[in-house]
Amino acid sequence: MATTFAFAAPSLSSSSRVFVRRAPIPYHRTPNRLRLPPLKCSSSEPETAMSPADWTLKLIAGAAGFGFLETSYLTYLKLTGYDAFCPVGGGTCSDVLNSDYAIVFGIPLPLIGMAAYGLVAALGLQLASNKLLFGINKSTAQAVLLGATSSMAAASAYFLYILTTRLSDSSCSYCLISAFLSFTLFFVTLKDLGLQEVSKKLGLQLLVASIVILTLNTSYNSSKSGSSSLAGIELPYYATEITTTSSPFALSLARHLHSVGAKMYGAFWCSHCQEQKEMFGREAAKELDYVECFPEGYRTGTKMIKACINAKLEGFPTWIINGQVLSGEQELSELAQVSGYNQSVQPS
């Protein structure tokens, strides 16, 4: 039979409660989490800062833009025949601009420079904005930019040689400014591409420079061979003497030509001009409105006076009578007919 044990739990009154000291329970407070905005980790400068490449490309575009404006002004002067404003050197800027060296195979040199500066400015802006036109890639655009600036630097070096050796008596501030801009564009382009990339395209630079110098040299040599015997010499002005005596008809015609405003344009060294005056004779020639186009003498690069430039002369002598242009020597009868001369009516 199983024995059952019963235990009686001691009864504790409220006055005899026992308090047991318990070990403290460790409490770990969870720190508040700090929510941070997503940050971009990059070793480069902030996107708002201009990178060195952007800076050089914008410098290229700006310098080329200034060169475009300068050559546009010179092109306008070349095509219209106006004198250039020359702050340094007086009027010798126009002497250089109107010399044989300002034409390359019949094309005005400032016009070629304007096209080159415009190309470089456009490439600089497109590369800086990464918006290349005509589907070309960045490498091709950089190669074209390097070729263009190399050609401009080579041409400027050649022109500085011409200016110091062939036109040493003339001063051209526009030429010096253009040369400075060309060299600046060339060296800034080299800096933008880097030494390693430039070394890969060294052959391109040498080829472009050689072609430019060879083209200019060929143009100037052909211009010299086709020019008159006055090229490369200097002639001081001298007065010509008329030896013939005027006939009554020649004297009357000369007075009539003067009355209708007819003008004869010529040059002191022109033999045909002298023969035209001999046709009129000593007394009648004094009645003519004769315009000497080289009153200060002639040398290579000398510019005609403004009246002759405005008349757009193609040779000497040239008559302009009632708006009609007559080139070369003219018979007195021809001059009488063109001017409306009536021998029965004597001019006062």
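Which helix is Thr-56 found in? Hello everyone, let me start there: Thr-56 is found in helix H1, residues 52–80. Helices here are DSSP runs of H or I with at least four residues, strands are runs of E with at least two, and both are numbered from the N terminus.

A quick word on the source. This is a predicted model, where local features need pLDDT of at least 70, side-chain atom pairs count only at pLDDT 80 or more, and totals for chains, interfaces and linings use all residues. Residues are numbered from 1 along each chain as its sequence is written, and side-chain values use heavy atoms, with hydrogens and water left out.

Back to Thr-56, which is buried at a relative accessible area of 2%. Buried means under 20% relative accessible area, exposed means over 50%, and partly exposed is in between, using a 1.4 Å probe and protein chains only. Leaving aside residues up to four places away in sequence, Thr-56 touches Val-188, Lys-191 and Asp-192; a contact means heavy atoms within 4.5 Å.

Now the UniProt record. An unreviewed entry lists residues 101–123, 143–164 and 170–190 as "transmembrane region". Its positions are given in the numbering used here, feature names are shortened, and annotations may be inferred rather than shown by experiment. In the model, residues 170–190 are 86% helix and 0% strand, with end C-alpha atoms 32 Å apart. Residues 101–123 are 65% helix and 17% strand, and their end C-alpha atoms lie 28 Å apart.

On to helix H3, residues 109–129. Buried residues in H3 include Pro-110, Gly-113, Tyr-117 and Leu-127. Just after H3, Asn-130 takes a positive phi of about 55 degrees.

Next, the cores. A nonpolar core is a set of buried Ala, Val, Leu, Ile, Met, Phe, Trp, Tyr and Cys residues joined through side-chain atoms within 4.5 Å. The largest one has 30 residues, and among those with the most contacts inside it are Leu-257, Phe-280, Trp-319 and Ile-321. Helix H8, strand E4, helix H9, strand E7 and helix H12 each supply at least two residues of this core. A second, separate core of 21 residues includes Ala-154, Ile-162, Leu-163 and Tyr-174.

Staying with E7: strand E7 (residues 318–321) and strand E8 (residues 324–327) run antiparallel and are joined by four bridges. Two strands pair if DSSP finds at least two bridges between them. Ile-321 has Gln-324 in E8 as its bridge partner. The two strands form a hairpin with two residues between them, and Asn-322 in the turn has a positive phi of about 55 degrees.

Finally, the cysteines. How many disulfides does the count come to? Two, where a disulfide is a pair of cysteine sulfur atoms within 2.5 Å. One joins Cys-172 to Cys-175, S to S 2.2 Å. Its torsion about the S-S bond is about 75 degrees, so this disulfide is right-handed. Cys-172 is buried at 6% relative accessibility, while Cys-175 is partly exposed at 28%. Another disulfide joins Cys-293 to Cys-308, S to S 2.0 Å. Cys-293 lies in the loop between strands E5 and E6 and Cys-308 in helix H11, so the pair ties together parts that are 15 residues apart in sequence. This link is left-handed, with -90 degrees about the S-S bond of Cys-293 and Cys-308.
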